[in-house]
Amino acid sequence: MRIGIYGGTFDPIHLAHLVLAEQCLEQAALDEVWFIPAAQPPHKLGASISPPAQRLAMLEFAIAGHPRFRVDRVELERGGPSFTVDTLSLLQARHPADEWFLLLGADAIRDFPTWREPERILELARIVAVNRGGQPLPDLAPVQGGRAERVQVVEMPGLEISATDLRARVAAGRSIRFLVPRAVEVYIHQQALYRRATS
């Protein structure tokens, strides 16, 4: 199978995440997209993030009923900093017959050279670079590593939604209706998540 890997904190998952995954599924001709919540993102070491169980629950609510989306707990089970190269190595070992595609937005593309073993990542997976809302295409040189054939560009609508803003909205008592799936909105309310502003 052709499997898209979409990693992140997902604190909380929101509609832009889901639109990105759906557009990659369609435009890159993927069979499935696997959402992989990070145990501890290396670029957010020391940052306050919601417990894994809550982020996992929100992900499962968000993708419920989508037959080609799934959540994989590989990074939560491993614990510690979640390095993409380690995750891809483990997934390839577990599923050697599958082909892997790493879904990256503009911010991740810019930071890619600073990731652990970017050259090895390019060996383990093709890169699906997501361009939002007709914005200028990000510089793909950082993710190509001289291997342009390993990178595909996908276009998605320009949805300006961020998890940071959503947390701030909740902390301020503002609505997040229509920015996250309804089930995620209800869960956030029931669990009293983000009542205090987080970084």
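In strand E2, the bridge partner of Ile3 is Glu32. This contact belongs to the pairing of E1 with E2, which is parallel and extends over six bridges. Strands (E, at least two residues) and helices (H or I, at least four) are DSSP runs numbered from the N terminus, and two strands pair if DSSP finds at least two bridges between them. The model is predicted: local features need pLDDT of at least 70 and side-chain atom pairs count only at pLDDT 80 or more, whereas totals for chains, interfaces and linings use all residues. Residues are numbered from 1 along each chain as its sequence is written, and side-chain values use heavy atoms, with hydrogens and water left out.

The sheet as a whole is open and consists of six strands in the order E3-E2-E1-E4-E5-E6, with parallel pairing. Its edges are strand E3 (69-71) and strand E6 (151-156), each of which pairs on one side only. Neighbouring strands are turned against each other by 30° on average, direction ignored; axes are lines fitted to C-alpha atoms, for helices over the stretch in contact, and angles run from 0 to 180 degrees between N-to-C directions. E1 is also joined to E4, parallel to it, by four bridges, and the partner of Ile5 in E4 is Leu102. E5 and E6 pair in the parallel sense over six bridges, with Val130 facing Val154 of E6 as its bridge partner.

H1 lies across E1, E2 (32-37), E3, E4, E5 and E6, and runs at about 125° to E6. H4 lies across E1, E2 and E4, at about 155° to E4.

Pro12 lies in the loop between E1 and H1, and the peptide bond from Asp11 to Pro12 is cis, with omega near 5°. Ala29, placed in the loop between H1 and E2, has a positive phi of about 55° although it is not a glycine.

The largest pocket holds about 1400 Å³ of space. On a 1 Å grid over the protein atoms alone, a pocket is an open set of points where a 1.4 Å probe fits, with protein on both sides within 12 Å along at least five of seven lines, and lining residues have an atom within 4 Å of a point. Of its 48 lining residues, the closest to the centre are Gly7, Gly8, His43, Asp107 and Ala108. Elements giving two or more residues to this lining include strand E1 (2-8), helix H1 (15-27), helix H4 (84-94) and strand E4 (99-104). Helix H5 provides the largest share, five residues. The lining divides into 23 nonpolar, 15 polar and 10 charged residues.

The second largest pocket has a volume of about 170 Å³. Among the residues that line this pocket are Val170, Arg174, Glu185, His189 and Arg195. Helix H9 (residues 182-191) contributes the largest share of its lining, three residues.

Definitions and conventions: Points joined across faces, edges and corners; volume = space filled by probe spheres on them. Nonpolar A, V, L, I, M, F, W, Y, C, P; charged D, E, K, R; others polar. Contact = heavy atoms within 4.5 Å.
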